[in-house]
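Hi,

I'm passing a structure over to you, as promised. Please open it alongside this email, and I'll walk you through what turned up.

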Amino acid sequence: MTEPMPGVDAVDTDPRTAELRDRLATVHRRITEATREAGRGEEPRLIVVSKFHPAADVVRLASLGVIDLGENRDQEAGAKAAELSNLDLRWHFIGQLQSNKAKSVVKYAHSVQSVDRVQLVTALAKAIERQQSETGRPDLECFIQVSLQDDGGEHRGGAAPADVGLLADSIADAAGLRLAGLMAVAPLGVPPEAAFERLAAISEELRRSHPGAGAISAGMSQDLEAAVRFGATHLRIGSDILGSRPPVG
Ligand SMILES: *Cc1c(COP(=O)(O)O)cnc(C)c1O
């Protein structure tokens, strides 16, 4: 009998890894099915949102083939990225970002999906310029977060659709930033379809002036099928893979 490689066996028999493998497989099946039903050829990219979950879970996910991780707080994301710098991971920043955190975020982030104001673009442009001159890192992918909230509902962040054009131009004009497309969170308490349909229309409009900015990051655990139907190219799935998070205080 051949001896198992050290470490691999431990991962194989770890119950949390088995749980994550099952949940990840279920989510991948849902994505495959939704892509087929939408008549789309290519599946959206899955970003596993690891916020509030320990670095050890990210190691388990990496052993299951995950490379794209989403985080929404700089302190937590930066610590995990530093601890796991030996792994080939791509960190996507998906939370509200203060301009004074730009310097920190460009040290580890592959993308910032929550760009919502010109002041933040300016801060990211300045930070990436310095980071690239020090480390030669690749351009930072930027997604404009759009608010799909009609007046009266609970605000979940993002720029007004009317401001997307201005933000897009400022990102496109900045050396070191690459405009990828749009990101949005469906409003609470209403069916997500109407919101994602609106997002698709805003994306179409954006692509008239920025043809390369076709990415649409939409779809979370509860609404990934609707997001796939309306053209999402990136899905951000947390709780259906990692389980529930501790409530935010
Ligand atoms: C937490 C979070 C997600 C993941 O949500 P789940 O419902 O856990 O899948 C996706 N996008 C953003 C912006 C988030 O903050």
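Below are some notes on a helix pair and on a pocket. Please keep in mind that this is a predicted model.

Let's start with the helices. Helix H2 covers residues 15–37 and helix H3 covers residues 55–63; the two pack with their axes 10 Å apart, at an angle of about 60 degrees. Because of that angle, H2 counts as oblique to H3. Their crossing is right-handed. On the H2 side, the contact is made by Arg16, Thr17 and Leu20, while H3 brings in Asp57, Arg60, Leu61 and Ser63. Sorted by class, this contact of H2 with H3 has three charged residues, two polar ones and two nonpolar ones.

Now for the pocket, which may be handy if you want to set up a grid of your own. How much space lies in the second largest pocket? The volume comes to about 190 Å³. Its lining includes Leu89, Arg90, Trp91 and a run from Val106 through Lys107, Tyr108 and Ala109 to His110. Gln131, Arg137, Pro138 and Asp139 also line this second largest pocket. Two strands take part: S3 (90–93) and S4 (109–115) each supply at least two residues of the lining. By class, the lining of the second largest pocket has six nonpolar, four charged and two polar residues.

Happy browsing, and do write back with any questions.

Best wishes

Key:
Residues numbered from 1 in each chain as written. Predicted model: local features only at pLDDT ≥ 70, side-chain atom pairs only at ≥ 80, totals over all residues. Heavy atoms only, no water. Axes fitted to C-alpha atoms, helices over the stretch in contact; angles between N-to-C directions. Helix = DSSP H or I, 4+ residues; strand = E, 2+ residues; numbered from the N terminus. Parallel < 35°, antiparallel > 145°, perpendicular 65-115°, else oblique. Left-handed = near helix turned anticlockwise from the far one by under 90°. Contact = heavy atoms within 4.5 Å. Nonpolar A, V, L, I, M, F, W, Y, C, P; charged D, E, K, R; others polar. 1 Å grid on protein atoms, 1.4 Å probe; cavity = no way out; pocket = protein on both sides within 12 Å on 5 of 7 lines; lining within 4 Å. Points joined across faces, edges and corners; volume = space filled by probe spheres on them.
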